[in-house]
Amino acid sequence: MSPSFNRASNATTVRVRKGPLVAAVLGRVVGMLAARAQCPIDRLDDALLLTDAVAAHAPAHTLDGTVHVDVSTTDGGLELRVAALTPGGAEALLRDAALPGVGNVFERVADEIEPQSGSDEDAVVLRLRFGT
Amino acid sequence: MPDDRDVWKREATGTTAAERPRAASESPSREEPLTTDTPDLELVLPARAENVAVVRHAFGGLGDVLDVGDQTLSDIKLAVTEACTNVVVHAYPDGEGPLDVRAIVDERRLTVVVADNGRGILPRADSPGLGLGLPLIATLAESLELGTGAGDETEVRMTFTLDGGGGDLRFPRR
């Protein structure tokens, strides 16, 4: 089974190759997992904003055209790890999410953003907390 | 890149006999490699009951994008749900493991592979199921194949003919 499986976690891995599928599938998976984790409705909207931004911009920065997202939830939050990005792709993805007059979607919505750079690939971790 | 996990034993295409008949007689055979494709969609989740709904919901998203008729989409979701439920119920009697669902879309066809790292397809005298899952999938899908991949995963592969626009991603319905 190609993606690694962490027995101890409830992590879900989503890999989507064809662009039009990314938003539709990722949004549904994230929405369902977030709802199950008792995500408040306003933060659910925020989570879907994040997935829409990932779906819009991540395909341009993937190593092989496949958008790879690891989704995990805790009692108090949601984490998306957008992986298998090209070297430099993490910063590029964050840069692309800037909207004129609005600012950067990731920075405005996520509580934490952690770009990760490796020798072979980059990743971006987006964390959303549900707490009031 | 070729994926030798997709080397399959072609089994009873379109027909099955019992609920997830993980029969000992169905020993892995590699004589008939099938065409391999990089999946357009892959989900890997813990094989838990609540995650079956996540998979079903994801395929609803697939149906939003592909030009698929409501009846066909219902058939796809039901068949995938049955296959995933079989993994949850039968694959890991002593614990938990991964549920891997892959979908490959081409112009006229959707191929769905549901895989697990469980104990393989074996008969269960104490099966909690009604024995209807695989026959139902065989009825709903154009073809059904049971196989074992190179990594010893148990795989259920089903194909569906896409109606309407035929799943052409260049022309989404909305």
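Visitor: How many bridges join strand β3(B) to strand β4(B)?

Guide: This is a predicted model, in which local features need pLDDT of at least 70, side-chain atom pairs count only at pLDDT 80 or more, and totals for chains, interfaces and linings use all residues. Residues are numbered from 1 along each chain as its sequence is written, chains are lettered from A and ligands numbered from 1 in the order written, and side-chain values use heavy atoms, without hydrogens and water. Strands β3 (residues 41-46) and β4 (residues 98-105) of chain B run antiparallel, strands being DSSP runs of E with at least two residues and helices runs of H or I with at least four, numbered from the N terminus. The bridges joining β3(B) to β4(B) number 6.

Visitor: Which residue of β4(B) is the bridge partner of Pro46(B)?

Guide: Pairing of two strands requires at least two DSSP bridges between them. In β4(B), the partner of Pro46(B) is Pro98(B).

Visitor: Which strands are the edge strands of the open sheet?

Guide: The sheet has 10 strands with antiparallel pairing, in the order β6(A)-β7(A)-β3(A)-β2(A)-β1(A)-β3(B)-β4(B)-β5(B)-β7(B)-β6(B). An edge strand pairs on one side only, as do β6 (112-117) of chain A and β6 (143-148) of chain B.

Visitor: Are helices α1(B) and α2(B) roughly parallel or antiparallel?

Guide: Helix α1 (residues 49-65) and helix α2 (residues 70-91) of chain B pack at about 155°, with axes 9 Å apart. Axes are lines fitted to C-alpha atoms, for helices over the stretch in contact (heavy atoms within 4.5 Å), and angles run from 0 to 180 degrees between N-to-C directions. Angles under 35 degrees count as roughly parallel, over 145 as roughly antiparallel, 65 to 115 as roughly perpendicular and the rest as oblique. Therefore α1(B) and α2(B) are roughly antiparallel.
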